[in-house]
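This report covers selected strands and residues. The sequence and model come first.

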Amino acid sequence: GFIADNAGVGIDIDRSYKGRVADVSFSGYTKEYQSIVQSPGAPSSISHLSPCGFNKPLRGLQLHAFKSGGSVNVGYTISNLTFARYGSAATGCTDSVGMDVDAREDSGYFDPRSSVSEIHFHEEV
């Protein structure tokens, strides 16, 4: 799959007992969308659609820490993800990232049964 130009967070995993995110490419701020937002003929209201327009940093994938046990919680698997154009050179935002773990939720740690593998970050292209 492909997720691009999300205002805020592309995929937000919060209190998920099990699941899978695999084979997805994320683009924080595509050149195509950037040209629309910055075009001279664009209405002034479109400027809020730029990456920093909502005063929220971009996140391709955000994982919230949680504490949960038992046989129901088998965790989630995250694999073969690609992130591009989340850095400040592409977005103009200093705190946007492709992948983030938000430790402000619940007990502040990952359930150890979740796994993350094959994560790729590309230069600003």
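## Gln62 in its strand

Gln62 sits in strand β4, residues 59-64. Strands here are DSSP runs (E, at least two residues), numbered from the N terminus. The model is predicted: local features need pLDDT of at least 70, side-chain atom pairs count only at pLDDT 80 or more, and totals for chains, interfaces and linings use all residues. Residues are numbered from 1 along each chain as its sequence is written, and side-chain values use heavy atoms, with hydrogens and water left out.

Gln62 counts as buried because its relative accessible area is 9%. Buried means under 20%, exposed over 50%, and partly exposed in between (1.4 Å probe, protein chains only). Beyond its neighbours within four places in sequence, Gln62 contacts Val9, Ile11, Asp12, Ile13, Asp100 and Asp102. Contact means heavy atoms within 4.5 Å.

## The sheet around β4

Three strands form an open sheet in the order β2-β4-β6, with parallel pairing. Two strands pair if DSSP finds at least two bridges between them. β2 (9-13) and β6 (97-102) are the edge strands; each has a single partner strand, so one side of each lacks a neighbour in the sheet. Neighbouring strands are turned by 15° against each other on average, direction ignored. The axes are lines fitted to C-alpha atoms.

β4 and β6 run parallel and are joined by 5 bridges. His64 has Asp102 in β6 as its bridge partner.

## Val116

Val116 belongs to strand β7, residues 115-121. Its relative accessibility is 39%, so Val116 counts as partly exposed. Val116 and Ile78 are 38 residues apart in sequence, yet their C-alpha atoms lie 4.7 Å apart in space.

Technical notes:
Helices (H or I, at least four residues) and strands (E, at least two) are DSSP runs, numbered from the N terminus. Axes are lines fitted to C-alpha atoms, for helices over the stretch in contact, and angles run from 0 to 180 degrees between N-to-C directions.
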